Amino acid sequence: MNRLIADTGVIFGRSLRQTLRSKTALTFGMLQPLLFLALMGPLLSRLDLRTGGTAWQAFVPGLLVQLALLGGMFVGLGILIERQVGVIDRMRVTPLHPAAPLLGRMLRDVVQLVVQSALLVLLGVAFGLRAPVGGVLLGFVFVALLSAALSMLSYGLAMNVRTAPEFAAIANTTVLPLMLLAGLLLPMTLAPGWLDAASRIVPFRYTVDAVRHLYLGEYADGTVLAGLAVTAALAALGLAGGLALFRRSGRTP
Amino acid sequence: MTSPVLDVHGLSRTFRLRSGPVHAVRGLDLSAERGEVLGVLGPNGAGKTTTVRMLATLLPPTGGRAVVAGRDLLADPAGVRARIGYVAQSGGLDPNCPVGEELVTQGRMHGLPRAGSRARAAELAADLNLADLLDRPTAALSGGQRRRLEIALGLVNRPEVLFLDEPTTGLDPGSRADLWDLVRRVRREHGTTVLLTTHYLDEADALADRLVIVDAGAVVAEGTPADLKARHGAATLQDAFLAITGRATDAPAAV
């Protein structure tokens, strides 16, 4: 256990330094949600999204989940490149704990996405978002859990596909319908009955609804608890699935 | 007689592809004593890389057994990993990472504490002529410098066995000569056993104490370069190789 923690720390440090070196990746990862915030948010600001608060209180949580979803889903590209140049093999021929290469990277992703989320919220405040501090902070817990789940699954997938285009195709076609169905940009309170029902099969729906409630200052209602349960279950699933896929990749050429 | 540091019996690997099974390595035997440079020579596709990947714990064998650096490959792969160095053909460098940081991180992955890892990195950098390059990203290194760094990474844990998979492929003649010197020096100064694969006959002749020639996944001949030449009445290793495998070479110095 100590070995796992120490080794995860080594890979976390290495991954964090990689991220800090690549300033372009940091900027571009942030750019998309910022554009949504700046160019789409104002369109909604005077609308009633029927979530019981201001449009910003519904829109910013959606952008946070979108950031975790897109940011988490595509981290696999990084490990795919490292796998192709032999970095992963080099790590596997050291006594490093076999889960550390994934866990260290995942923790880096969580830190990065939570920091980006905080910047997004700050900018949201500049645009007119008003939400209780406690709710905003608890919202980051959901962002962290969701980022962890998707990052692990993304790495697991990337270790088992042949090429980057193959990975991008799978990630893209998975993410788009999930993103639309979860009601991230516009809440499902606006949806006709059939769409609202369909969106309930998408786990992120529960995450975003819970964060929206947190932003209204409701901390322990059914929506928040259901969101927490679904998001935590997703994180557990991502952890187990990602590690299993990583182990699998080590048994095949 | 000392027990071999590398002892491999009947090592096999079959890949199940959609087109049918491919027997990449079939019942390979080899052994090496401490401090020996063992050359595994064979044409492309002979199973050299698959063999090295299995011995380095990266690929589970489908048959056979092996003792690597005194540890059982199948029962104690972690013990093997702590005692070997592995330099893949592809090298395994992060292009944006500075040289010094790669060295320190490699030590940390081997469980060295931070200060110990820094000290070891400095030692290797001085020893392998990398000290002036520590702040440079690995992508900015020349081919020869890259190889030296990759070998330094493989030596961080003072391995008993160092695996070098086609270490000079793509290097210019000067860098090749430097690398040969480096391999000889590692063996002389640290008693490291080196297993290197190559398809260059001159390299095998110059560097290896003993050779195993593999073809289609199995050992077809074994001995010192001088033995192999004498046994086949050949003046050069190339003639011996041709007599053994019945193959034409595709380059004057390469198989």
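Predicted model: local features only at pLDDT ≥ 70, side-chain atom pairs only at ≥ 80, totals over all residues.
## Overall fold

Chain B holds nine helices and 10 strands. Its C-alpha trace spans about 50 × 45 × 40 Å along the principal axes.

The radius of gyration of chain B is 18 Å; a compact globule of 255 residues would have a value near 18 Å, so the two agree. Of the 255 residues, 48% count as buried. Contacts in chain B also reach across the sequence. Among those with a separation of 6 or more, 67% join residues 24 or more positions apart.

## The four-stranded sheet

Four strands of chain B form an open sheet in the order β2-β1-β4-β5, with antiparallel pairing. Strands β2 (20–32) and β5 (71–72) of chain B stand at the edges. Each has a single partner strand, so one side of each lacks a neighbour in the sheet.

Strand β1 of chain B covers residues 6–17 and pairs with β2(B) over nine bridges, in the antiparallel sense. Within β2(B), L30(B) is the residue opposite V8(B).

## Contact with chain A

Chain B gives 25 residues to the contact, and chain A gives 20 residues. On the chain B side, the elements that supply two or more residues are α2 (77–83), β6 (84–87) and α3 (99–109). The largest share comes from α3(B), with four residues.

By class, the side of chain B that touches chain A has 13 nonpolar, eight polar and four charged residues.

Conventions: Residues numbered from 1 in each chain as written. Chains lettered and ligands numbered in written order. Rg over C-alpha atoms; globule rule 2.2 N^0.38 Å. Buried ≥ 20, exposed ≤ 12 C-beta atoms within 10 Å, placed from the backbone. Contact = placed C-beta atoms within 7 Å. Pairing = 2+ DSSP bridges. Nonpolar A, V, L, I, M, F, W, Y, C, P; charged D, E, K, R; others polar.
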